[in-house]
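Please keep the sequence and the structure in view while reading.

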Amino acid sequence: QVQFVESGGGLAQPGDSLRLSCVGSGSIRSVSRMAWYRQGPGGKRESVATWTASGATTYAVFVEGRFAISKDNAKETAYLSMNNLKPEDTANYYCCASATTYSSMVYTNYCGQGTQVTVSS
């Protein structure tokens, strides 16, 4: 069974940095895309950052220049480095990956449950 689990969230003060991890496990054969999303207190879901197997990365305007997505191909793990955190970054951050397994060559989307980030002074 394939799953992706996030970690690294917590309480931070404005201006602080956090690094989130999204670790894949199970019979993962290949990953073509990984992305971070967030859902804030109001329930709104937003795309934060995306990585593709071609090496391309994209960011939401509201995190550009502050957040960076990266991937460790050897570990099927994605990271989200968050700098200069702001109170409005408070949200549950979760990752999704498009992956194939050793039992299916069809790319399937898998998402984790998320890790809570709270930015407050």
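Lysine 71 has a relative accessibility of 15%, so it counts as buried, the cut-off being under 20%. Its side chain meets that of glutamate 76 in a salt bridge, with 2.9 Å from N to O. Glutamate 76 is buried as well, with a relative accessible area of 17%. The model is a predicted one.

**Salt bridges in the whole structure**
- Side chains of opposite charge can pair when their charged atoms come close.
- A search of the whole structure gives five salt bridges.

**Aspartate 89 and its surroundings**
- Aspartate 89 sits in the loop between β8 (77-82) and β9 (91-101).
- Its relative accessibility is 1%, so aspartate 89 counts as buried.
- Neighbours within four places in sequence aside, aspartate 89 is in contact with Arg38, Arg66, Phe67, Asn84, Val117 and Val119.

**Arginine 38 with aspartate 89**
- In this salt bridge the closest N and O atoms are 3.0 Å apart.
- Arginine 38 belongs to strand β4 (residues 28-39) and aspartate 89 to the loop between β8 and β9, so the pair ties together parts 51 residues apart in sequence.
- Both arginine 38 and aspartate 89 are buried.

**Arginine 66 with aspartate 89**
- The side chains of arginine 66 and aspartate 89 form a salt bridge, 2.7 Å from N to O.
- This pair links distant parts of the chain, 23 residues apart: arginine 66 is in the loop between β6 (57-59) and β7 (67-72), and aspartate 89 in the loop between β8 and β9.
- Arginine 66 is buried, as is aspartate 89.

Conventions
Residues are numbered from 1 along each chain as its sequence is written. This is a predicted model: local features need pLDDT of at least 70, side-chain atom pairs count only at pLDDT 80 or more; totals for chains, interfaces and linings use all residues. Side-chain values use heavy atoms; hydrogens and water are left out. Helices (H or I, at least four residues) and strands (E, at least two) are DSSP runs, numbered from the N terminus. Buried means under 20% relative accessible area, exposed over 50%, partly exposed in between (1.4 Å probe, protein chains only). Contact means heavy atoms within 4.5 Å. A salt bridge is a side-chain nitrogen of Lys or Arg within 4 Å of a carboxyl oxygen of Asp or Glu.
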